[in-house]
Amino acid sequence: MTLLNGHAPLSPAAQRRIEHHEADIVIVGAGVLGCALAVALGNQGRSVILLEKSLEEPNRIVGELLQPGGVQALEQLGLRDCLEDIDGIDVRGYWVSYFGEPVLLEYPKSSPTSPTPLGRAFHHGRFVMKLRAAALSCPNVTVIETKVTGLIASSYTQEILGVECITKDVKDCYFGQLTVAADGYNSDFRKEHHQYTPKRRSKFYGLELIDAKLPAPNTGHVLLSDNPPVLMYQIGTHETRILIDIPDNLPEASIKNGGVKGYMRNNILPKLPEGAQQSFSDALEQGQLRSMPNSFLPASANKTPGLMILGDALNMRHPLTGGGMTVALNDVCVIRELLSPERVPNLSNTGLVLEQLAEFHWKRKNSSSVINILAQALYALFAADNYYLKALQRGCFRYFQIGPVGGPVGLLAGLIKKPLVLVSHFFSVAFLAIWVHICNTPLFKLILAPYYAFMILYTASVVILPYIWTEIWY
Ligand SMILES: Cc1cc2nc3c(=O)[nH]c(=O)nc-3n(C[C@H](O)[C@H](O)[C@H](O)COP(=O)(O)OP(=O)(O)OC[C@H]3O[C@@H](n4cnc5c(N)ncnc54)[C@H](O)[C@@H]3O)c2cc1C
Ligand SMILES: *[C@@H]1O[C@H](CO)[C@@H](O)[C@H](O)[C@H]1NC(C)=O
């Protein structure tokens with residue numbers, strides 16, 4: 001038996017992973033999805049190799065607010081601990097301000113006597129390091145730092161057999177019965193095996209504010225105005241993340257107008273809550289501005305034998321609603337069930353695995369569809385760039401003020417997993433928008449009311465129906 005550092009002898013499976021580079025499952029990418037999946041499948045007794053190009057603590061502006069639905073999924077996976085000891089902040093809901101007028105939206109309770117479900121905000125890197133530690137401490141998982149450079153396919157069956165990689169400048173490979181591409185938004189391995197390519201309409205620019213005072217502690221802040229949406233949430237005792245959406249080709253952020261920094265100084269700073277203005281201009285001075293593309297990528301069914309694409313590599317939506325990690329963790333829960341040893345005793349049975357993956361494609365939609373459609377539709381309203389979208393934006397805010405609050409926020413939180421509930425709220429927003437619009441229309445223009453009503457309803461349909469269609473049919 002091989003001894004590692006003179007400690008306990010390795011199991012035969014661990015020996016196969018370390019010496020022969022061979023396991024049941026090879027996962028590319030130890031991000032949120034890769035780590036959670038490695039632990040989930042390792043706990044089922046599968047032998048797992050988890051490959052990551054850098055095991056240093058990630059320093060990114062993404063994945064910093066986990067919705068209550070994601071916290072529940074973590075709990076189901078036995079990984080709730082990963083939210084502790086990272087200086088995280090409880091999140092009780094949202095605070096939305098519309099041209100300075102605020103409304104507080106708490107996450108809905110499952111019953112009047114139960115506590116408010118909580119989300120959690122944190123530094124992304126700290127959370128990922130906790131997940132990686134969980135994977136490292138799982139005896140059936142081996143974590144290796146290596147940059148994966150390609151998939152290895154059988155020239156005979158086209159089946160994916162494993163991956164090629166470079167470990168400390170040396171070429172290397174790993175083999176598994178099932179290879180998982182969980183390499184994130186810019187996946188190298190999705191290209192030939194995914195039906196769609198990501199579409200980007202805007203970027204989020206991020207800054208970290210120190211000791212900002214927010215109007216409503218323990219909530220996600222959404223600022224709506226003439227500008228595209230701005231998000232703020234506390235991610236540590238002293239740190240607050242601000243994310244500023246800038247659509248491609250936004251005139252206010254053109255070079256002529258001082259570029260992105262000019263836009264922030266002239267358009268964003270004056271509209272921030274007072275308690276955040278000083279820390280914002282300090283952060284802007286220090287120039288730590290970073291950006292990430294906001295992409296939309298519908299999921300496509302995995303059809304390549306021996307391969308499974310998951311996480312951001314599979315499916316992305318605008319990060320406005322902070323849904324990405326919740327989708328990823330819910331997917332891990334679904335996959336764990338569909339590929340359990342009871343259902344798939346041997347992962348080398350690629351036919352059976354493909355059948356399970358076809359089922360996964362539909363089953364995951366229970367939780368992912370609502371989050372995907374809502375993110376895209378809300379973004380269209382919140383970044384309203386035409387007259388009727390602005391009317392819908394106003395209707396949406398009024399709906400937050402007077403409507404059944406739990407509904408929309410419950411959808412966003414990943415707690416309500418019913419697409420029809422989403423559709424009914426969305427069209428309620430449209431009808432309210434029509435009503436508000438007509439109430440604000442001067443008497444002599446009222447003859448145009450049916451026209452406005454039609455255009456608002458038409459705009460609402462154009463916003464949401466393509467996304468619903470994508471989720472239902474593909
Ligand atoms: C601006 C922005 C803000 C966001 N905010 C939120 C939020 O508040 N809440 C939320 O839930 N979601 C948010 N998201 C989405 C969230 O970040 C993602 O959904 C989530 O990180 C996806 O996890 P993943 O494991 O698929 O990918 P990642 O977390 O990106 O992990 C991929 C891993 O693969 C590794 N890797 C890549 N290529 C290779 C290779 N060739 N070899 C080896 N390893 C490799 C990477 O180093 C990385 O560790 C946001 C996204 C954006 C763009
Ligand atoms: C590891 O896998 C073995 C079977 O290969 C299983 O008996 C054991 O429970 C697993 N260990 C853990 C901690 O999940």
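**Figure 1. The lining of the largest cavity, sorted by residue class.** In this predicted model, the lining of the largest cavity has 20 nonpolar, two polar and no charged residues. Here Ala, Val, Leu, Ile, Met, Phe, Trp, Tyr, Cys and Pro count as nonpolar, Asp, Glu, Lys and Arg as charged, and the others, Gly among them, as polar. A cavity is a set of points, on a 1 Å grid over the protein atoms alone, where a 1.4 Å probe fits but cannot get out; lining residues have an atom within 4 Å of a point. Rolling a probe the size of a water molecule over the atoms shows where empty space is left.

**Figure 2. Around the centre of the largest cavity.** The largest cavity holds about 270 Å³ of space, where a volume is the space filled by probe spheres set on the grid points, which are joined across faces, edges and corners. Of its 22 lining residues, Leu374, Leu378, Cys396, Phe400 and Pro408 are the closest to the centre. At least two lining residues each come from β5 (93–98), α9 (365–382), α10 (387–402), α11 (406–412) and α12 (419–439). Helix α9 gives the largest share, five residues. Helices (H or I, at least four residues) and strands (E, at least two) are DSSP runs, numbered from the N terminus.

**Figure 3. The second largest cavity.** About 60 Å³ of space lies in this one, and its lining has three nonpolar, four polar and three charged residues. Look for Arg364, Lys365 and Glu471, which are among the lining residues, along with His361 and Tyr474. Two or more lining residues come from each of α9 and α13 (449–473).

**Figure 4. A seven-stranded open sheet.** The strand order is β6-β5-β13-β14-β15-β12-β16, with mixed pairing; two strands pair if DSSP finds at least two bridges between them. At the edges, β6 (101–106) and β16 (290–296) each pair on one side only. Further in, β12 (residues 199–210) and β15 (residues 239–247) run antiparallel and are joined by nine bridges.

**Notes for all figures.** Residues are numbered from 1 along each chain as its sequence is written, and chains are lettered from A and ligands numbered from 1 in the order in which they are written. Local features need pLDDT of at least 70, side-chain atom pairs count only at pLDDT 80 or more, and totals for chains, interfaces and linings use all residues, while side-chain values use heavy atoms, leaving out hydrogens and water.

Notes. On a 1 Å grid over the protein atoms alone, a cavity is a set of points where a 1.4 Å probe fits but cannot get out, and a pocket is an open set with protein on both sides within 12 Å along at least five of seven lines; lining residues have an atom within 4 Å of a point.
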